[in-house]
Amino acid sequence: MRARNLSVEAGRRAALPWPAGVGRALLWAAGGALLLAFPYAAEAFGWHFYLSVVTKAAVLALAASGLNLVLGYGGLVSFGHATYYGLGAYTVAVLAREGVQQAWAVWPAAVLLCAFAALCVGAVSLRTRGLYFIMITLAFAQMVYYGVISFKQYGGQDGLRAPRTDLGLPLTDAGLYYLTLLLLGASLVLLWRVVHSRFGRALQAARDNELRAAAVGFPVYPVQLCAFVLSGAITGLAGVLMAHHTQYVSPNMLGWPQSGHLMFMVILGGVGRFWGGVLGAVALVLLEEVFHSATVHWQLFVGLVLLAVALFASRGLSGLLEGRLR
Amino acid sequence: MSLLQVRGLSKRFGGVVALWRCDLDVREGEVHALIGPNGAGKTTLAHLVAGALRPTEGRIVFRGRDVTGTPAHQRALLGIARTFQVTNLFPKDTVLGNLVLAVLGRSGSPFRFWRPVEAERAVHEEAAAYAQRVGLGDRLDTAVHALSHGEQRQLEVGVALAGRPRLLLLDEPTSGMSRDESARMVALIESLRGEMGVLLVEHDMDVVFRVADRITVLVDGRVLASGEPEEVRANPDVHRAYLGEPGPDRVEAREPPREAPQPSPPLLEVEGLETFYGPSQVLFGVDLQVCQGQVVTLLGRNGMGKTTTLLSLVGLVPPRRGRVVFRGEGVTGWEPERIAKLGMALVPEGRQVFPNLTVRENLTAFSTSGEPSRDPWTLDRVLDLFPRLRARLDHWGGQLSGGEQQMLAIGRALMTNPHLLVLDEATEGLAPLVREEIWRCLERLNREGLAILLVDKYVDRLAHFAHHHVILERGRVVWKGSSEALRSDPSLWRRYLSV
């Protein structure tokens with residue numbers, strides 16, 4: 001009896017994407033207020049550069065959270081998520097080159113294209129497991145990469161300018177910052193509901209024990225494919241935001257180092273932990289900025305940090321934080 | 001009409017015919033036992049019925065509907081549930097969590113993205129009810145890995161029941177269970193009669209003849225007999241093929257135990273062994289001795305520390321206190337590979353052959369370690385000992401039957417040229433004839449001079465084979481003595497070995 005009441009108690013908590021407790025609520029409120037006030041502070045103190053860094057971190061947090069759905073909750077090591085990230089960004093640039101700049105057309109088109117790409121890649125790659133799955137997702141990503149650079153009219157190796165789309169109101173840097181936070185927040189709420197829903201349970205069951213998941217009646221392949229499409233769409237949305245942020249797209253956004261970069265963030269933050277994507281992205285962006293300003297060999301130091309995480313904190317930053325908070 | 005009809009079902013794995021034109025009928029509400037020697041194809045048949053494998057030919061009809069091509073998860077939804085031979089749960093999750101997943105799998109679409117599962121009260125209540133039914137009502141929040149083996153098997157059945165099956169496939173539900181755990185499982189199976197059809201794959205003949213309404217006997221992938229228990233029991237073919245006839249070898253096996261070899265120098269001496277898993281102490285000062293050429297058994301009920309003792313000796317679970325001397329060297333605290341090199345070879349519980357290496361690779365991968373003794377083991381010598389493996393040399397380890405895997409595991413240990421062979425439940429889940437074959441091989445090895453330390457539950461048989469016995473109770477040695485002393489003291493059995 002007691003146990004069941006506990007579960008229901010846990011249920012009420014799980015219904016909201018934030019933890020119970022007044023202290024925590026205050027912490028959240030303070031954090032939220034800080035984030036909302038940040039552009040004004042940036043304006044006042046001339047921290048324009050930092051506004052850009054935070055926007056970039058938020059965009060990457062969205063991309064990594066999308067990847068974490070398949071990598072962490074699905075146990076599916078996709079080594080090709082740069083495809084959706086890059087395709088989302090390229091859609092903005094290519095449509096702008098073709099004269100389409102209305103946000104209501106560009107944004108859905110980009111996300112749908114990424115979802116469709118994920119559907120195609122997932123439909124094939126999810127029939128394999130383990131190393132083969134990694135290699136097939138990588139192979140598809142490389143095909144898209146070389147496909148895109150073969151279009152000379154869209155910049156080829158050089159990339160392409162990507163003017164911001166028309167939202168009906170002027171999209172300043174601060175505006176983009178708020179829009180990014182809004183979309184990141186909405187996506188996180190969606191992801192929270194998804195991973196705690198029946199669908200999320202089925203996805204994690206298939207990760208933990210595929211044979212058993214099928215035996216209790218979960219259709220493993222359709223569930224995984226659906227997660228893959230959702231993940232691709234969210235990562236694609238991040239790509240769209242990144243195009244707006246940098247106002248330029250490059251084929252590097254589609255390459256395998258970019259896929260690895262996204263995976264690094266998830267691993268750094270905590271694979272299969274809800275905040276893993278966000279924490280990893282924020283930490284990696286901060287690390288890069290700190291080391292970048294200190295030394296030209298910044299990548300070496302970022303690498304050392306990743307090595308330390310892999311060796312000493314296998315649950316990533318989330319694992320460390322959870323240990324601290326309990 | 002039958003609940004399940006299997007007609008002309010065959011399955012080939014490459015060149016190996018695992019099943020050949022089998023027919024099987026399971027009626028509504030009956031308990032139908034499927035028995036046969038290891039490698040007869042019982043598990044293959046269960047896999048085919050559950051949909052985990054596709055048949056090479058034949059038909060499977062469930063409740064009048066042809067399900068031969070239906071995928072496993074859809075069969076689960078149609079009402080075929082199964083348990084697995086090797087416990088196969090979500091290990092990190094709790095009892096309740098496992099049952100909740102099973103209820104979710106059956107009820108409604110998994111494509112619901114918004115509502116948290118935790119808020120679905122009905123699902124949790126139903127899951128708790130199934131826990132109650134299989135006797136785990138007070139362990140809802142216990143993680144699966146913290147359950148005893150018997151409880152895990154109970155949970156397996158609970159998970160299967162949560163699918164509200166019409167047909168339940170139970171693959172060796174009592175394997176590895178103590179007698180009272182097994183009795184509980186039998187009671188549970190009996191309570192299912194009339195509610196659903198049960199197809200039971202089982203080795204323990206006591207269990208089979210207690211619960212089965214009808215029995216089908218598989219031998220070499222074919223149905224040898226099918227019918228009421230009494231018919232099957234009286235069938236001479238079944239006797240010959242499965243239950244085993246008293247042949248010359250068996251008579252030899254029933255001879256009085258051989259005299260212990262004349263006082264020989266000790267090979268292994270253990271004093272005051274204490275072992276912990278984390279903070280919990282499992283062994284509280286175990287003493288024992290194995291002399292050269294001796295066979296020594298470790299006896300006791302489940303959970304008394306037998307496996308832990310073996311693992312401590314070979315160094316896989318380092319003891320915290322105590323002394324282990326092997327071949328004159330103090331090996332306490334040595335790494336397992338160093339102890340293995342000195343000549344102590346473990347045949348682990350559950351065989352643990354490498355499923356993705358061939359039989360040949362499984363054997364030869366280990367032939368280099370160990371110093372060449374007087375008479376080094378070679379591939380050929382192992383194959384002479386286990387002729388069955390010769391035909392299977394190029395098959396994957398994972399394709400072998402349980403008995404063959406056991407032989408492979410012993411062969412693999414022998415390839416390291418051990419001075420002491422340590423076996424943990426080497427006959428677990430094997431049919432009587434295969435069990436006997438393993439024991440005869442061990443007797444032969446011992447006659448050739450190999451010392452053996454083993455854990456097994458067939459005490460009766462061991463008393464005819466081993467020289468010396470050690471009984472463990474809650475991590476302590478409570479009795480030591482010869483086979484004669486063991487057999488002549490029935491109070492020992494009552495106190496330490498039976499229920």
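**View 1. Contacts within chain A of the predicted model.** In chain A, 76% of the contacts with a separation of 6 or more join residues 24 or more positions apart; two residues are in contact if their C-beta atoms, placed from the backbone, lie within 7 Å. This is a predicted model, in which local features need pLDDT of at least 70, side-chain atom pairs count only at pLDDT 80 or more, and totals for chains, interfaces and linings use all residues. Residues are numbered from 1 along each chain as its sequence is written, while chains are lettered from A and ligands numbered from 1 in the order in which they are written.

**View 2. The side of chain B that touches chain A.** Chain B gives 33 residues to the contact and chain A gives 29 residues. H3(B) supplies the largest share of the chain B side, 6 residues. By class, this side of chain B has 19 nonpolar, 5 polar and 9 charged residues (Ala, Val, Leu, Ile, Met, Phe, Trp, Tyr, Cys and Pro count as nonpolar, Asp, Glu, Lys and Arg as charged, and the others, Gly among them, as polar).

**View 3. The largest nonpolar core.** This core has 169 residues, of which Ala89(A), Val49(B) and Leu99(B) touch the most other members. A nonpolar core is a set of buried Ala, Val, Leu, Ile, Met, Phe, Trp, Tyr and Cys residues joined through C-beta atoms within 7 Å; a residue is buried if 20 or more other C-beta atoms lie within 10 Å of its own. Leaving aside neighbours within four places in sequence, the contacts of Ala89(A) include Ala162(A), Val240(A) and Met253(A).

Terms used. Helices (H or I, at least four residues) and strands (E, at least two) are DSSP runs, numbered from the N terminus. A residue is buried if 20 or more other C-beta atoms lie within 10 Å of its own, exposed if 12 or fewer, and partly exposed in between; C-beta atoms are placed from the backbone.
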